[in-house]
Amino acid sequence: MNRFLARRFAFSLVTLFVLSLIVFFLGQILPGNVGRTILGPLADQQAVDALNHQLGVDRPLLVQYGAWIWPFLQGDMGQSYIYRSPVAAFVVPALGHSLKLAAVGFLLVVPLGILGGVVAALKVNRPLDRVISLGGLSATVLPEFVSGIVLILIFGIWLRWLPIDAAWPDGAGPLIQLYYLVLPAMTLVLGLFGYIARMARAGMIEALDSDYTRTAVLKGLPWRLVIWRHVLRNALLPTITVIASQTGYLIGGLLVVETLFRYQGIGSLIFNAAKAKDFPMLQACVLIIGITYAVATLLADLLYSFLNPRIQMGDGQ
Amino acid sequence: MTGFAAAAAPSRRQEVFTALSRSGAFLTGLTIVLFWVVCALFGRDLVPYDPLGEDILNALGQPSAEHWFGTDQIGRDIFSRVIVGSRDILTVAPLATILATVVGTVLGLLTGYFRGIIDDIASRLIEATMAIPGVIVSLLAIVALGTSETTVIIVIGLSFGPGIARTVRSAVLSERELDYVAAAKLRHENSAHIMFVEILPNILPPILVESTVRLGYAIFAVATLSFIGFGLQPPSPDWGLSISNNYSMISGGYWWTVLFDALAIATLVVGINLTADALQEALDG
């Protein structure tokens, strides 16, 4: 168990290190000569050199990387080019907003996906199973802005049931906020439902076909009890991993969903920073997202190994 | 080895073709994809209007007998734009996929064939890059390198490479233990010859499946990038770009300016995925 944990943790660190290198070196391509860009083409070469020296961009790359990543780890994420103020003041609240939207999406999609998969498995190869499996997977492969547009057209424009803008009025209570979050969250749900349902379905079919299920049935347990006690518990384990592995997809999805619904989260922060070429802001957002993602997958792996005793016994794959 | 393969190969190939021709999903998917390929190749000659032709007097017209899908905010015919809009995405996404396949195959062959410390390091790095949220890093790279079709192809191609490399590597790992590789080594063939002439032809099926799957992802990624303004650029009648330009007006009830582009992307992506799934099933079966 400990060895598995240590390996898993080390892998997350390597991933984040690689990500930080990519982000850093992409940052080196963009500005060209920073001092020249700031001071303009007519400035004195000495002034440009002096400013470059002051900004530290004339030092070796490795030193610059250290000078960038070290304060970052301590919470100083740099200065936004556009707002001319610390990036962290924008990133942290935006991340909070995004997590709220992601949480609503997850709370909707996990029960729906598992329910869908279980129902499909109980009706395997019948029309209902086909509808759930094929419909779910088709929705999953669509880009979020496509499924989002379709949801907006149906529920926002034609039926007029839900707001198409996720920005709620100031001082709105949690229920009103939820009302505004339904459509963007449903867009995320459409993207994830198919995966979760597919895994839950496969796990269910395997569990239904197993010896312990046959034994439980033969010893006379009521069918409902067999499903609850024996089948579901075993069927849902692999589903947890797939839910975790979709965190990255969810984050990518936020970029589009927040832009589409004008929601002030980290996705729209990235979108605006990209439009304005505000590179320090972009770098900070990407790193923060990478860290969030790494933590989420780590937690999911922990949960999985906690629920699945077989991993604790071995030394982990 | 060659004689044996020649005898065995046709029947195996025939099996796959039979499985595919009986698969409803494959035929449906392939038909949809071929429809859009035809539109991409010959769309300009088939459509009733110039997809870029503006007609301000007929702006925002509802779908009608003259304009089947209506007109957009500067009076361009949406039907013509949707048909011709397949062209750019069906150029950029396949080119990115080809780049990813080449990079991934070479990387996978090298790491799988040589093993050792290089393989260990490369494999960890490949896993690490695969654990990074791709769309967002691609966006960062495109902002850094400057938005253009070439940038999009390179960035998506490189970001999909590691995933293909992993599949190729695991295929190589099982191939390199087989007798024909040992025989080639005894003949003192050089490593490049063994990798690219002996092993590569035998692992083409998994590479084909992987590429088809990645083509679906590439279309997803290019459409998404175009929607947020960092993919295909105006005046392309690209679907994602059109939705991006028109969706601010749907609260006014102009649904036709986005619906048909959305359906076009949906059919293409679903078509590719149906094809890829069926291909995988047939080649694994």
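Hi everyone, let's start with one residue: A:N125 counts as exposed because its relative accessibility is 53%. The cut-offs are these: buried means under 20% relative accessible area, exposed means over 50%, and partly exposed is in between, with a 1.4 Å probe and protein chains only.

Before going on, please keep in mind that this is a predicted model, where local features need pLDDT of at least 70, side-chain atom pairs count only at pLDDT 80 or more, and totals for chains, interfaces and linings use all residues. Residues are numbered from 1 along each chain as its sequence is written, chains are lettered from A and ligands numbered from 1 in the order in which they are written, and side-chain values use heavy atoms, with hydrogens and water left out.

Back to our residue. A:N125 sits in the loop between α5 (88–122) and α6 of chain A. Its phi is near 65°, a positive value in a residue other than glycine. A:R262 also has a positive phi, about 50°, and is not a glycine either. You will find A:R262 in the loop between α11 and α12 of chain A.

Now the whole of chain A. How many helices and strands does chain A have? There are 14 helices and 0 strands; here helices (H or I, at least four residues) and strands (E, at least two) are DSSP runs, numbered from the N terminus. The C-alpha trace of chain A spans about 90 × 55 × 35 Å along its principal axes. Of the 317 residues in chain A, 47% are buried. Contact means heavy atoms within 4.5 Å. Among contacts in chain A between residues at least 6 apart in sequence, 71% join residues at least 24 apart.

Next, the interface. The size of an interface is often given as the accessible area lost when the parts come together. Chain A and chain B bury about 3900 Å² between them, 85% of it on carbon and sulfur atoms; buried area is the accessible area (1.4 Å probe) that two parts lose on being put together, summed over both. A:V141, A:F145 and A:I149 supply 14% of the area that chain A buries against chain B, more than any other three residues. The contact takes 44 residues from chain A and 40 residues from chain B.

What about charges? Across this interface of chain A and chain B, the rule finds 0 salt bridges, a salt bridge being a side-chain nitrogen of Lys or Arg within 4 Å of a carboxyl oxygen of Asp or Glu. Which elements of chain A each supply at least two residues of the side that touches chain B? They are α1 (2–29), α6 (127–141), α7 (144–158), α11 (247–261), α12 (266–275) and α13 (279–307). The largest share, 9 residues, comes from α1(A).

B:T275 lies in helix α12 (residues 256–284) of chain B. B:T275 counts as buried because its relative accessibility is 8%. Not counting residues up to four places away in sequence, B:T275 touches B:F26, B:G29, B:L30 and B:V33. Our last stop is B:P235, in the loop between α10 (204–227) and α11 (239–246) of chain B. The peptide bond from B:P234 to B:P235 is cis, with omega near 5°.
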